[in-house]
Amino acid sequence: MIKTFGIIGAGNIGLTVARHLLKAGYKVIISNSKGPDSLKETILELGSGAIAGTAADAANADMVLLSVPWSQIGTLAALTDWNGKIVIDATNHFISYAPDFKVADLGGKASTQVVSAAIPGAQVVKAFNTLYFKILGLDPKEGNGNRVIFISGDEAATKKEVRQVIESLGFAVIDLGTLAGGSKLQEPKGAVANVNLLKLE
Ligand SMILES: NC(=O)c1ccc[n+]([C@@H]2O[C@H](COP(=O)([O-])OP(=O)(O)OC[C@H]3O[C@@H](n4cnc5c(N)ncnc54)[C@H](OP(=O)(O)O)[C@@H]3O)[C@@H](O)[C@H]2O)c1
């Protein structure tokens, strides 16, 4: 079982996923751009199981969550040797926010393919990027159903590991296929963007 998650990006999405992980008993290393000292209050608020680290510390954890702004993807390569590392990409390729919400022109590539190319050798699964963080932060169990997290990725074994982790947090998982195909459905304006779905038991 995965023990320690490295969270790169300690904002809305990073901390929301961290709270779910901690509740399920995982350990998390939280990192941002300002460094561990800036995260003292955050770590106190998160409680037992959370520590602050550098982005490189987080990149060297058992499993990594990317939750940085799109503009920061180019900073990731230098953090570690990504070869073989399991990485969950929760980013979206926004280059501006309200009111225009512009996305980067990726020449037809899926944004997670671009992320994957930026961290060579990593086994990347796209997940946790389709829901507004306040919805994602709710209890995943609602009535007799479980909130759905969509995933996509190119390695079946990696997706299986990521699926097991996400299910252990109380979510249901729907696998949309490969990065080239499925992950595009998860992108802004994609078919499952902002879709808050419950899988009934
Ligand atoms: N907000 C949502 O509801 C939502 C939903 C789905 C997906 N997303 C995606 O998730 C990503 C993060 O969004 P957010 O709303 O969580 O953003 P956010 O609240 O602005 O947080 C971004 C975090 O990334 C950190 N960061 C910035 N540059 C970094 C770097 N080079 N290395 C390490 N950490 C760095 C920031 O730290 P500093 O403050 O120290 O710079 C901050 O902790 C984006 O790609 C976004 O599109 C967001």
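**Close-up views of a predicted model**

**View 1. Meet Phe150 and its neighbours.** Leaving out residues up to four places away in sequence, Phe150 touches Lys126, Ala127, Phe128, Thr130, Ile174, Leu176, Gln186, Val192, Val195 and Leu197 (contact means heavy atoms within 4.5 Å). This is a predicted model, where local features need pLDDT of at least 70 and side-chain atom pairs count only at pLDDT 80 or more, while totals for chains, interfaces and linings use all residues. Residues are numbered from 1 along each chain as its sequence is written, and side-chain values use heavy atoms, with hydrogens and water left out. Phe150 belongs to strand S8 (residues 145–153); helices (H or I, at least four residues) and strands (E, at least two) are DSSP runs, numbered from the N terminus. Is Phe150 buried or exposed? Its relative accessibility is 5%, so Phe150 counts as buried (buried means under 20% relative accessible area, exposed over 50%, partly exposed in between, with a 1.4 Å probe and protein chains only).

**View 2. Strand S1 and its two partners.** Four of the five residues of S1 (residues 4–8) are buried, so the rest of the structure largely encloses this strand. S1 and strand S2 (residues 27–31) run parallel, joined by five bridges (two strands pair if DSSP finds at least two bridges between them). Look for Gly6 opposite Ile29 in S2. From S1 the chain passes through H1 to S2 in a right-handed β-α-β crossover: with the strands pointing away from the viewer, the path from the first strand over the helix to the second runs clockwise. S1 also pairs with strand S4 (residues 63–66) in the parallel sense, over four bridges, and here Ile8 stands opposite Leu66.

View 3. S4 and S5 run parallel with four bridges, and Leu65 has Ile88 as its bridge partner. S5 is also joined to strand S6 (residues 123–126) by four bridges, again in parallel, with Gln123 as the bridge partner of Ile86. The chain gets from S5 to S6 through helix H4 (residues 111–118), and this β-α-β crossover is right-handed.
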